[in-house]
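My notes follow the order in which I checked things.

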Amino acid sequence: MNKFKKPTEYLEMGLDLRLREVYGRNIFSLNDDYGGAENWNNYHWQRYRTRWSTKWLLDEDITFNTRLTWEFWGHCAPDNSFNPFFAEKNYDFDEALFDTMNIQFRNAFDAPLTITAGRQDIILGTGWLVLDGTPADGSRTIFFDALRSTYQFSDATKMDMIYIQQYDDESMWLPPFNHNAVSDRRHLTNDQDEIGAIGYLTHKFSDMTSVDAYYMFKKDEHSDWSKFNGRAGAGQETSVFGSRLFGNLDKNWSYSAEGAYQFGKFMANNQSPEDHEAFGANTKLQYSFLNELKNEVHVGYEYLSGDDPDTAKNEKFNTMWGDWPQSQRGGDLQSYMWTAEGALGEVANLHRFGVGHSFKPHQDWTLGTDWNLYWADENSFGGTTRGPGGMQSYSNNGTFRGHMLTGLATYRCCKNFVTYFLVDYFLPGSYYAAPSNDNALFARVSMEWTF
């Protein structure tokens, strides 16, 4: 294994394998009868992902980095005509692609500057607004095609400047292996081509207090891929100013509080542009007991503004590059439930209050539970149905979305192997109308090896 990891002085390699078994019920529709006899709401599939990474040392301060990713799926249910992805029970061996290919310069220009050019993963802060550059392919990849420079002013202060150019068509920059541009179901973004820029400053005042401050710009255009496939699209220009304060109050208490203000233009389905103005906040307070079982409890509040149908503006918060199943909101189920209101992984129009607890009953096991209550900021779709085939129905004046219960068990025996057992259970509230008021369930087992 050591020979594999470092076959020469100038090359380092890595390999990881992830196996997943997934079951979901009513995850899109919240309706036991959706699809009738074809049972469109009962999902069961497998995901198998392998990644091979390389790091080539070109010079003392220059590396060339790659990672080749291949994920294939097994489809067990539903077996229906509605969704071609689940058209029959089969294995989809799909394709392989490079989700990392970049060159990195450290100490560039004899300064404390690191420049990374090319395809790379980028996570800023908690990942609330910047984590997943490719939400449409799920967790197969999260990369950005970007130019990133990080200037380390001191041990306490650094500044990231990032330029991003993403395409919905995954073959635009680095065509995948075994890719069919006409019939292939894969794409990367949520039906849009994107240009973005980020300035992100982090400063540590003390061991107890740190702050992030940022400006982000993102321009979305309806992509050629989505036009060719007849998908609805939107264009948007969004500027964001935000900040996060985080740290420790003492040895037991820790906190994070983030807020963001957005403005710009929004255009849906080639309609006239609307002014865009939105707000968001994300907070968490945690107490660690520091005892033998490592008990921790936390409480959090999150706000993502929704579009008020009675105004000429669009007030829906743009989650930027934060369209991923964020654990603070529950597990994975919340990413599917919002699909009828936007795109897969996109969550907005939300007030969330949550409490949770985790502990270690054994040195290899961690058990966590969360209870989140969801409200809609606006009743944006009152009295209507949305999504294919009337996927979800909304009440005329309700705002309580419902309860999300989440359980997560993690087994980690060593640095090379980890297993996750995740269950999400959702009970709809008054925001939804019949028949979209049935409970939803998402369950997943995941095993991961890292070599």
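I started at P435, which I found in the loop between β20 and β21. The model is predicted. I looked up the peptide bond from A434 to P435 and read it as cis, with omega near 10°. I noted for context that most peptide bonds are trans.

Next I checked phi. Most residues other than glycine have a negative phi. D94 has a positive phi of about 55° and is not a glycine. I placed D94 in the loop between β4 (90–92) and β5 (96–105). D110 also has a positive phi of about 55°, again without being a glycine. I traced D110 to the loop between β5 and β6 (113–120).

Is D94 buried or exposed? I got a relative accessible area of 9%, so D94 is buried, as the cut-off is under 20%. For D110 I got 80%, so D110 is exposed, the cut-off being over 50%.

Then I turned to the largest nonpolar core, which has 48 residues. L129, V130, I198, M216 and F426 have the most contacts inside this core. I listed the elements that give two or more residues to it; among them are β2 (42–59), β9 (192–204), β10 (209–222), β20 (417–428) and β21 (440–450). Which element gives the most to this core? I found that α3 does, with three residues.

Last, I followed L129. Leaving out residues up to four places away in sequence, L129 touches Y214, M216, V240, A260, F317, T319, M320, W321 and G322.

How values were computed
Residues are numbered from 1 along each chain as its sequence is written. This is a predicted model: local features need pLDDT of at least 70, side-chain atom pairs count only at pLDDT 80 or more; totals for chains, interfaces and linings use all residues. Side-chain values use heavy atoms; hydrogens and water are left out. A nonpolar core is a set of buried Ala, Val, Leu, Ile, Met, Phe, Trp, Tyr and Cys residues joined through side-chain atoms within 4.5 Å. Buried means under 20% relative accessible area, exposed over 50%, partly exposed in between (1.4 Å probe, protein chains only). Helices (H or I, at least four residues) and strands (E, at least two) are DSSP runs, numbered from the N terminus. Contact means heavy atoms within 4.5 Å.
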